[in-house]
Amino acid sequence: MAELQEVQITEEKPLLPGQTPEAAKEAELAARILLDQGQTHSVETPYGSVTFTVYGTPKPKRPAILTYHDVGLNYKSCFQPLFQFGDMQEIIQNFVRVHVDAPGMEEGAPVFPLGYQYPSLDQLADMIPCILQYLNFSTVIGVGVGAGAYILSRYALNHPDTVEGLVLINIDPNAKGWMDWAAHKLTGLTSSVSEMILGHLFSQEELSRNSELIQKYRNIITHAPNLENIELYWNSYNNRRDLNFERGGDITLKCPVMLVVECNSKLDPTQTSFLKMADSGGQPQLTQPGKLTEAFKYFLQGMGYMASSCMTRLSRSRTASLTSAASIDGNRSRSRTLSQSSESGTLPSGPPGHTMEVSC
Ligand code: BEZ
């Protein structure tokens, strides 16, 4: 019987006259990425393959924006409303975006075979260097929600030099404690996985109001063809370790952080900017894209990106949306408030390493 042999095929590309191999590689990468207007790629990692979608072209000396979605979602259902929000275009046109799908969450993903060992959240974080290596990107600004925020934080703790900033939406940096486990197990006896995940994504108030958005996401999750895969990601989330952030200690995020909701007690408060937004619930990137866009703009400006002269429409149209629904936490005298800075027309251009907190 003929034996199958694995054959390595390498593509031969002639160099242009006078072109060094390095320049050829760069040109090839640029061409590949130029074509990547929402193009999906997969790379092999020590923990299995991971899929990601790239939008925009890399900008010299600028980090990529890298997103990681929450459980029950994929990059599109988690981030499309934010990244396609009108005012967001002015911001993201300055950055290439890499949207990671957790394994088995990409559109059309086959269901993993029974007994498949899904990566832990720490292992999911360890897949990220393979993505950056493939794209030849050296630094990122991470945007993560829930489990995705945890994964990006773990990545930032392990690779601080490659993370210029982090937007962490609804992160829970702690492992489940005893009581949480008991409550989780009890809920599991009476609720389906999809209901438990909906309870993780949205507040009880949002779920009982049952708006069109909730109905849409309930429908997406309940009828997901890859629900078994989603359950595996959910299990990894519930088995997460403590991130063990220590204020002033060794285990802390070294980059600027825009923190949406709690976790403030674990991070350095001396340079914290505060913005409270009313009623944005568990997924503010879906329900309040305008306010998040505005907060993100100030965050980037504080990091030295997006000179205010670039910000035409957004800069002029500011104040109403933030200040009307925003309440400032006056108790935190050491905190800087986003609203204060914006009302006076100046930018919260804090020193690098500051934390900006957005409570929803
Ligand atoms: C983006 O432009 O980055 C984007 C577009 C569609 C869905 C998600 C993100």
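N244 is placed in the loop between α10 and β7 (257-260), where helices (H or I, at least four residues) and strands (E, at least two) are DSSP runs numbered from the N terminus. Although N244 is not a glycine, it has a positive phi of about 60 degrees. Most residues other than glycine have a negative phi. N244 counts as partly exposed because its relative accessibility is 42%, given that buried means under 20% relative accessible area, exposed over 50% and partly exposed in between, with a 1.4 Å probe and protein chains only. N136, in the loop between α4 (121-135) and β5 (140-145), is likewise not a glycine and has a positive phi of about 60 degrees.

This is a predicted model, in which local features need pLDDT of at least 70 and side-chain atom pairs count only at pLDDT 80 or more, whereas totals for chains, interfaces and linings use all residues. Residues are numbered from 1 along each chain as its sequence is written, and side-chain values use heavy atoms, with hydrogens and water left out.

Seen as a whole, the chain has 15 helices and 11 strands, and 49% of its 360 residues count as buried. Of the contacts in the chain (heavy atoms within 4.5 Å) with a separation of 6 or more, 75% are between residues 24 or more positions apart.

H69 lies in the loop between β3 (64-68) and α2 (75-83), and it counts as buried because its relative accessibility is 0%. Its side chain reaches the backbone oxygen of L73 at 2.9 Å, a polar contact in the sense of a pair of N or O atoms within 3.5 Å, where within protein one atom must be able to donate a hydrogen and the other to accept it, and residues adjacent in sequence count only if both atoms are side-chain atoms. Leaving aside neighbours within four places in sequence, the residues in contact with H69 include Y75, C78, D101, M105 and Y233.

The ligand is surrounded by Y55, Y75, Q80, F83, Q84, I92, R97 and H99, a residue being near if one of its heavy atoms lies within 4 Å. An N or O atom in the side chain of R97 is 2.7 Å from an oxygen atom of the ligand, and a polar side-chain atom of H99 also lies 2.7 Å from a ligand oxygen atom.

Points are joined across faces, edges and corners, and a volume is the space filled by probe spheres set on them. There is 1 cavity of 30 Å³ or more, and the largest cavity holds about 50 Å³. L82, F83, M88, V143, V167, I169, M258, L292 and F296 line the largest cavity, with α2, β6 (163-169) and α12 (289-302) each giving two or more residues.

The largest pocket has a volume of about 560 Å³, and of its 22 lining residues D172, K176, H200, Y237 and R240 lie nearest its centre. α6 (178-190), α7 (193-201) and α10 (227-238) each give two or more residues to this lining, and α6 gives the most, with 4 residues.

Conventions. 1 Å grid on protein atoms, 1.4 Å probe; cavity = no way out; pocket = protein on both sides within 12 Å on 5 of 7 lines; lining within 4 Å.
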